[in-house]
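Colleague: I have a model open on my screen and would like to learn how to read it. Could you take me through it, one feature at a time?

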Amino acid sequence: RALAPKPEDRFPCVAEMQACLERLLPSRPQPQRAFVLPRPRGHEQPLAQIEASLAAASGTHSLIVQAPTGGGKSLLLRELKWRRQLASELVLELNADQGGVLPLIALFEQLEIVLGPEHPASVSARATLEALRAGRLLETAAADALSTSLQAVSAQNPLSLFVDDLDRADAQLSAVLRSAIHAVPSHALSIVASACDAEAPAVRELQADSVFRLPRLSDEESTALCLEALGALDQSVLTQLVRHAQGLPGALASAFYRLSSLSAVTPEDVEQLPAAEATLALTHARLLGVSEPGRRLLSSLALVSGVSRSLARRIVGEAQAEAEATLNALSEQGLLALTNEQLLLADAALRKALSESLGEQGRKQLAAELLNAPYSEQLSTIDRAGLATIALDTQRMRELIPAAAEALSHVGAHARAAELLEALQPCVDADLRDTTSLRLPSTRHVLGQDAAAAHVANDVAERAAGATLRTEARLLAARALTALGQWDTAIAALRNVPG
């Protein structure tokens, strides 16, 4: 059976051997490895520059670390905090996106803990703190009280104040901070704030001495992080992960968290990752300058695997010269890629962003337009079956999905074939439903999803009208049950098969 010509007849042999070995040698459950986020990588140079800038400061120093959402600002601040604490500095942290007076309340409370409630600075700040808790902010009084407390703390120990997401704070917070630090002696206090938008009112109000813009990770740095977090990976998985993250540490961290529990990560697992907020924002920025015809082509490519250059010109809908110029512009912007004479989207993140922009109704409408377009026959059967599924076109689903599933199974894309066959079930009559229902468990069986395969095959065997179809269903159920090691149940299923 291991040499059987059909894959579905070949795989049970391996599964049976595995089931026998597990019975003879029960495996001990392995303790699950806890996911630990790697240390920052790729930002060593900015870290060194920030540390050098703070060390060289002759007076009170403030700086901004700027990067897009998911660009690694918080990770860098965490690393910098660790390094400052190793240098015997006191580090206080503020989360500025709490809004209103809450960050100031948190800062006064931390300073009181450091100084102690009986310290004169804590006593003098208590009235200001009560006013803030009541929702009243008097900038001058708050700045004076904060300056007194900061001076008292920095006189005992050098102090670093880390403010995360300053661009989401009210400008009043920065105004109070800027006024308060003027009276603190040189070298005693440094403020490091992170922000996505360096032009936000709160960021401008701080009037920081310098702004450090974090670069995106290179492909090599992203690859090194992937290997560090997930261990040895196939090159195809690494390529998919790097494309998914687009150089943003936050997107990588989200992917690591989701993938860390898997025993073996596949490209399909990466493809199924939801688009991170960070990569979506970056991708939407890439699409800002795209023309309307170009946007239509990109949106269409989000629903199909790829198109020829001649078909792409027809989808763009312009005269040949203008359409060719649009294709060249999209390629130069890194939005289109050419593989095997097929134009396709440059990366999976672009596909996810375009799909999200369309929304469910937009995807349905565009899929119907592509199916009804005069050039639809130039699309592959697999792509047209996918479009019919998105558009909920039941007639075309019945026409296209069986052939598409056959083509997908032939190239080993069994998971995609199973998705199409699953979508087809509610759309067909009894005879066709039994036939396609039998192909579905067969595909599940090849995928190793034997419990689902056995269940569906038994269901077909119970209701199918034809004796041949019932026999095939029972044989398939027996193979799946055998692969699961359920020998007695498999033999019982075979008793109903005609000799």
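Predicted model: local features only at pLDDT ≥ 70, side-chain atom pairs only at ≥ 80, totals over all residues.

Colleague: Where does Cys196 fall, buried, exposed or partly exposed?

Modeller: Cys196 has a relative accessible area of 22%, so it is partly exposed. Cys226, at 0%, counts as buried.

Colleague: And how many disulfides are there?

Modeller: A disulfide needs two cysteine sulfur atoms within 2.5 Å. Searching the whole structure turns up 0 disulfides.

Colleague: Which residues of helix 9 are buried?

Modeller: They are Ser222, Leu225, Cys226, Ala229 and Leu230. Viewed down the axis of helix 9, these buried residues fall within an arc of 100°, so they line one face of the helix. Their cover includes helix 10 (235–245) and helix 11 (249–259). After helix 9 comes Gly231, with a positive phi near 80°.

Colleague: Where does helix 19 bend?

Modeller: At Leu400, by about 40°, with a proline, Pro402, following within four residues. Both Leu400 and Pro402 are among the buried residues of helix 19, which also include Met397 and Leu408. End to end, the 17 residues of helix 19 (394–410) reach 24 Å, close to the 24 Å expected.

Conventions: Residues numbered from 1 in each chain as written. Heavy atoms only, no water. Buried < 20%, exposed > 50% of the residue type's maximum accessible area, 1.4 Å probe, protein only. Helix = DSSP H or I, 4+ residues; strand = E, 2+ residues; numbered from the N terminus. Arc of directions from axis to C-beta. Contact = heavy atoms within 4.5 Å. Expected span 1.5 Å × (residues − 1). Bend = angle between axes of the 7 residues up to and from the residue.
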